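Please walk through this structure one site at a time, with the coordinates open beside the text.

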Amino acid sequence: MNSMEAQRKNREVHLRALCITLAIGAVIWFIPSPVDLQEKAWHLFAIFVATIVGFIIKPLPMGGVAILSITAVVLTGTLKLEEALSGFQNTTIWLIVIAFFISRGFIKTGLGNRIAYMFVKLFGRKTLGLSYSLLVSDLILSPAMPSNTARGGGIIFPIAHSLSRTFGSDPENGTEKKVGSFLMQVAFQGVNITSAMFMTAMAANPLAATLAHNAGVTITWTDWALAAIVPGLASLIVVPYFIYKVYPPEIKETPAASEIATEKLKEMGPLKKSEWSMIMVFLLILALWIFGGKLGIDATTTALIGLSVLLLTSVLTWNDVKKEEGAWDTLVWFASLVMMATFLNSLGMIPWFSHLMGTAVHGLPWIWALIALALIFFYSHYFFASNTAHVSAMYAAFLGVAIVAGAPPMLAALLLGFIGNLFGCLTHYGSGPAPVFFGSGYVPQDKWWLLGFSVSVIHLIIWGVIGGLWWKVLGIW
């Protein structure tokens, strides 16, 4: 009876969320469109807003909301069927989907865990070093794992959790601050940083790159990685040390961690054939992502090559590909967002809004306009429960305004793209990995929010100052 009652309440919650989503879309739909904007663009905007609201309050999973949106676009005559399905032809979408499949190889072969334990063995004798070992592991895995939830929640979190318990740090008996609180917070903050460092390290990054392309700014995988490497490494160095000082662990020495990692590695035995294959494929795709452009091989073709090799060497089977639900789910909602964003641009909605906002900041030096937009973009994330939903809702418009204000297009596109990852630091619900780490119970909500805000200030300083100087050297502005 309790189970039936819970299911009934759950259905009621989803029904209310669906009604709210539809009502918001309907209200915008029936508001007369601005005189200098065609009606079709306004109607697509109404469906787009309803989609974003649906992603946030989740009357259905994101894929389900996306299907409803595509259907609505066609049934209302806003777009033709072939236009509504055009997002599935986007090569950037397939890049991120295939990267999901490749990331499955790290988990299936055990290579991801092996890499993490190797760094714990090398650097885990002190608690601070132990935290850095987790971040280095995350950094190595991030270019080929576009799901920061899978990377952080599936590989890094279990190891951090196991190590915390080993040292007697358990929130159930009040010993969370021994080592667990520190490790959980550092590991979580690290995932946000590594996600910002590579275009393929978080699902919304290729979306940002696509939206930037629609605005006339082409960002390659190498452009993103090169621009992010210096401020990203600076954040990875500074943030753990800052947390170590303001939220210190009670246990400062952890020699047992190295011993535990050594035992785990012994249990795993020598590198298996499948792991060697995974290493070779990882190095191959990294090399082609960096240098493939000179050979006429783009990033998506590189991903296809990597997946093909994994299938040919039986590291992955077709059943593994079919069962990768996150990839197929991403394909659906990603395609719907890209489709709507593309036609919002071509129908004039985004240029119209950019011109409107550009008029509002007219007269400001471009650098101050860009700083203001970056701050608003960053801290508005308190109202979002998803990096992807936030990027989908605001990235294109804010980029357009920045360009109209006179900001160098590549600088604005990259800065907002990086922020689209970094703002996940703020809350316990603002990104996919956040509920995983927060749900372990090691860090209370008030402390989580306080640390998150403090880390956000550090990010803004590092990526604004150090990053700004680095981007000047690169000639981005």
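Ser 164 is buried, because its relative accessible area of 0% falls under the 20% that marks the limit for a buried residue. In this predicted model, Ser 164 belongs to helix α8, which spans residues 148-166. Once residues up to four places away in sequence are set aside, Ser 164 touches Ser 169, Val 179, Gly 180, Leu 183, Met 184 and Tyr 442.

Beyond its neighbours within four places in sequence, Pro 59 is in contact with His 14, Ala 17, Leu 18, Thr 21, Gly 54 and Val 65. The C-alpha atoms of Pro 59 and Leu 15 are 6.6 Å apart in space, although 44 residues separate Pro 59 and Leu 15 in sequence.

Helix α5 (residues 91-109) and helix α16 (residues 325-346) have axes that come within 9 Å and cross at roughly 165°. Since angles over 145 degrees count as roughly antiparallel, α5 is therefore roughly antiparallel to α16, and the crossing of α5 and α16 is right-handed. On the α5 side the residues that meet α16 are Ile 93, Trp 94, Ile 96, Val 97, Phe 100 and Phe 101, and their partners in α16 are Gly 326, Ala 327, Trp 328, Thr 330, Leu 331, Phe 334, Ala 335 and Val 338.

The aromatic rings deserve a separate look. The count of aromatic pairs comes to 19. In one of them, Phe 198 and Trp 221, the ring centres are 5.8 Å apart and the planes stand at 25°, so the pair is stacked, the limit for stacking being under 30 degrees. This pair links distant parts of the chain, for Phe 198 lies in the loop between α9 (180-197) and α10 (204-214), while Trp 221 lies in helix α11 (residues 221-246), 23 residues apart. Both Phe 198 and Trp 221 are buried.

Elsewhere, one aromatic cluster is formed by Phe 377, Phe 378, Tyr 379, Tyr 382, Phe 398, Phe 423, Trp 449 and Phe 453. A ring also takes part in an arrangement of another kind, in which Lys 472 lies over the face of Trp 477, at 4.4 Å from the ring centre.

How values were computed: Residues numbered from 1 in each chain as written. Predicted model: local features only at pLDDT ≥ 70, side-chain atom pairs only at ≥ 80, totals over all residues. Heavy atoms only, no water. Helix = DSSP H or I, 4+ residues; strand = E, 2+ residues; numbered from the N terminus. Buried < 20%, exposed > 50% of the residue type's maximum accessible area, 1.4 Å probe, protein only. Contact = heavy atoms within 4.5 Å. Phe/Tyr/Trp six-rings, centres within 6.5 Å; stacked < 30°, edge-to-face > 60°. Lys NZ or Arg CZ within 6 Å of the ring centre and 35° of its normal. Axes fitted to C-alpha atoms, helices over the stretch in contact; angles between N-to-C directions. Parallel < 35°, antiparallel > 145°, perpendicular 65-115°, else oblique. Left-handed = near helix turned anticlockwise from the far one by under 90°.
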